[in-house]
Amino acid sequence: MAETPRDAVIIGGNRIPFARAHGAYAKSSNQDMLTSALNGLIARYGLQGKQLGAVAGGAVLKHSKNFNLVRESALGTPLDPKTPAYDVQMACATGTEAIGSLANKIKLGQIDSAIGGGVDSISDAPIVVSDELRGILMEATRAKTAGQRLKALAKIRPGHLAPKAPGTGEPRTGLSMGEHMAVTANKWGITREEQDELAVASHRNLASAYESGFFNDLISPFTGLSADNNMRADSSIEKLAKLSPVFGKDLGGNATITAANSTPLTDGASAVLLGSEEWADAHDLPKLANFVDYEQGAVDFVDGAEGLLMAPTYAAARMLKRNNLTFEDFEYFEIHEAFASTVLAQMKAWESEDFCRDVLGLDKPLGSIDRSKLNVNGSSLAAGHPFAATGGRIVATLAKLLHGKPGKLGFISVCAAGGQGITAIIEGR
Amino acid sequence: MAQDSYTEFVNTGLGKKITKALGLPQPAKLRRYRPDAPVIHGPVVLLGSTEASDILARHLLGWGLDVRRHIGPKEKVAAVVALFDSVATPAQLSDTVLAVGGLLKQLKSSARVITVFRDPAHTEDPAVRAARKGVEGLTRSLAHEMRAGGTANGIMLHEELDIASPSVAGALRFLLSGRSAFVSGQFITVDSVNGALPDDWAAPLEGQVAVVTGAARGIGAAIARTLHRDGARVVVVDIPAAGEQLAAVANEVAGTALQLDITDDDAGEQILDHAEQYYGRLDIVVHNAGITRDKLLANMDSSRWDSVIAVNIESQLRMNRALLNSELFNRPEGTVGPRIVSLASTSGIAGNRGQSNYAASKAGVMGMVSASSSQLQARHGTINAVAPGFIETEMTAKMPFATREVARRLNSLNQGGRPEDVAETIAYLASPAAAGTSGLTLRVCGQNLVGA
């Protein structure tokens, strides 16, 4: 693997249970949720009054008043207020990017400790006025006389007053993420059955992880909710088969994406504690795993040359090459389930001789991923996907899975809006 | 916490007049512990055998107290310490008892009467045991007669114990101080010379690591705060579903939160692993977590019975086995050993209608504590229980008004205790100054009339 000056150690994580939008956390803000996730982390690791190197994270959907969301959240915790904090934003890869860049700072010796994470709320989404109305209001603000102001305000028409909620549509294509994914799934020949199977496995794996107490030191409850409320332990292929497709309807019989094999809109927050080995030892903290490396990727999806959520496929190839690794070197794979078909399409691409040779420029395919190593404690289809909080969930889960398995590797793939994505490597210790 | 508005009312000028005229109970505002306040304000009068009183007087003077052997008839008295350690027949009680009686009208509010005597069980001589049992009887009666928040308690010494042993001073200080505000009519046994008095009485648990189960709220959270205030670093434990409140308590006491179901087979090991990882030591375990599932026995189902037994007593037995098998819970020779304090209940002493399961579990705790004592003493440690009476908590706030009002007044202090009162007693029993006391169940009940 690539040599670095020192290890960045994953010490532990905490998240609040993820809640389906407009449900358990309908009255909670991003700041409330992130503060709670941080408080739980601080309580678990006794970080009260400590000055950390940095706290970084973000939210995909945030109010303009939350320009300093992470700093404001950190100030609401018992951390030393001299701990710097800042916002990061890379769509659904926000949390992973925050954690990866903090790990790099630790490796370089710039900081010794950090918390990375993220939060998102659909229930408290920033609703704004239309561009037309905003233009008129700004003109009125610039007006020098009452007459000019009246003249500006007189331009307001009833149609301007409709509020604008943020959507998940891609600004450059106008298509929703689901519609983009439907095209990719169809291109790679992903069947409805495979997708439903993956969704059922996600629910069952997550439920059995809860059952075994795996999350006892990874989750702390929030406003009375103590487990992800999207989880359906009794999910079955038969039940899922009854649902009608919701995306790719113009594909007719080839439409395969349903509400159950897509992630629901979700509220939640997560945080991961990182440190140098020396810092962890000095504070008597556990060392679950090392954050070894990560790679960003982006694809040209606008003209349809590549699928919107396929960027991790490219990032993985570069990251593995740099670290001189193959899929066979990995013990666990955490592939974010934006849609079941996202995971399946990425895996098909890595198995494809043609794609790996012609597109990724590899001598041979990256190969197939053993399903028994994939998302073994559930992923976003079951847990839900509060955009920026997903990275923290995955990193903490994988680090705990690898703890006590020194040298064993874990692989992370997270796709993101805008045709981007991140892959990462974690090593158990 | 429930608001005792009657006690607030009685302690106003008008309230006092009205309730006195009506002959209603007169609950006083109790003197409670503050680290920066003197042990007790005002003269402490020592009565009885001079040899023992010289030893105790040196402690009292060392604590900066105003110690007297005689006091004028006009002076106010803060506490009376009556030494009966050498009585051999009931007739010998007379002089000291009547001298105590002569001072009762001079007592300040929240005053203390403390009797010191040898354990009746340790003599086979009928006259000596009769005299010692006599001290028990008079102490309990005196506790009923105390006014204005005053209490009466006893320190019961092992037959051979040197009265200069540190835990005698530790018990004396606890009973004099506001830490024992809601303890009355009780006896603290001191059986061994084990123990050490702290350098700093404001931080008797300095450098020690304590685990408190059920710490997310109520009495458990109060215990965590009190142990932290006394200098301990605290691990707070509660079930994962209580994690949000647990984190708040951990952050308040600058401790660590461990989300854990104490009925897990490996709960003890998980606690030990956590203490080892984060602190490298473990000195004190407080088994506070408990549940109630009240039902008349005729209507009891297995889930109600079994869950109460599993959480309240079986889990403690299992965790104690793990603790006692662990090197971490062993202290080097010559230091104060590990301490366990369990929550019992007056229901376990007197029984309570609708609580056969709870009473069985809490009586079980007392049995476990007395039977485990030799194992802990082999490590120079202790195990004790605290049995709270009516305590003002979220749980008792949900009782029907009339039931709650009656339950509050059914003790010699005419009021409910606070979670802090239970916590103070636990902190005392967990302290090195109580290392000579083990196997005891100490009631924090204001001398509740049930199960006396």
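**View 1. Helices α10 and α12 of chain B pack at an angle of about 15°.** This is a predicted model. Residues 302-324 form α10(B), residues 356-377 form α12(B), and the two axes are 8 Å apart. Because angles under 35 degrees count as roughly parallel, α10(B) is roughly parallel to α12(B). The crossing of α10(B) past α12(B) is right-handed. On the α10(B) side, the contact residues include R304(B), W305(B), V308(B), I309(B) and L324(B). On the α12(B) side, they include N357(B), Y358(B), K362(B), V365(B) and M368(B). By class, this contact of α10(B) with α12(B) has 10 nonpolar, 8 polar and 2 charged residues.

**View 2. Chain B holds an open sheet of 6 strands.** The strand order is β2-β1-β3-β4-β5-β6, with parallel pairing. β2 (67-68) and β6 (187-190) of chain B stand at the edges. Each has a single partner strand, so one side of each lacks a neighbour in the sheet.

**View 3. Strands β1 and β3 of chain B pair in the parallel sense.** Residues 44-48 make up β1(B), residues 77-83 make up β3(B), and 5 bridges join them. V45(B) sits opposite V80(B) of β3(B). Helix α3 (residues 50-62) of chain B packs on the sheet. α3(B) touches β1, β2, β3 and β4 (107-118) of chain B, and its direction makes about 170° with that of β1(B).

**View 4. Chain A is assigned two domains, domain 1 and domain 2.** Domain 1 covers 136-161, and domain 2 covers 177-214 + 293-428. Their C-alpha centres lie 50 Å apart.

How values were computed: Residues numbered from 1 in each chain as written. Chains lettered and ligands numbered in written order. Predicted model: local features only at pLDDT ≥ 70, side-chain atom pairs only at ≥ 80, totals over all residues. Axes fitted to C-alpha atoms, helices over the stretch in contact; angles between N-to-C directions. Helix = DSSP H or I, 4+ residues; strand = E, 2+ residues; numbered from the N terminus. Parallel < 35°, antiparallel > 145°, perpendicular 65-115°, else oblique. Left-handed = near helix turned anticlockwise from the far one by under 90°. Contact = placed C-beta atoms within 7 Å. Nonpolar A, V, L, I, M, F, W, Y, C, P; charged D, E, K, R; others polar. Domains from an automatic or database assignment. Pairing = 2+ DSSP bridges.
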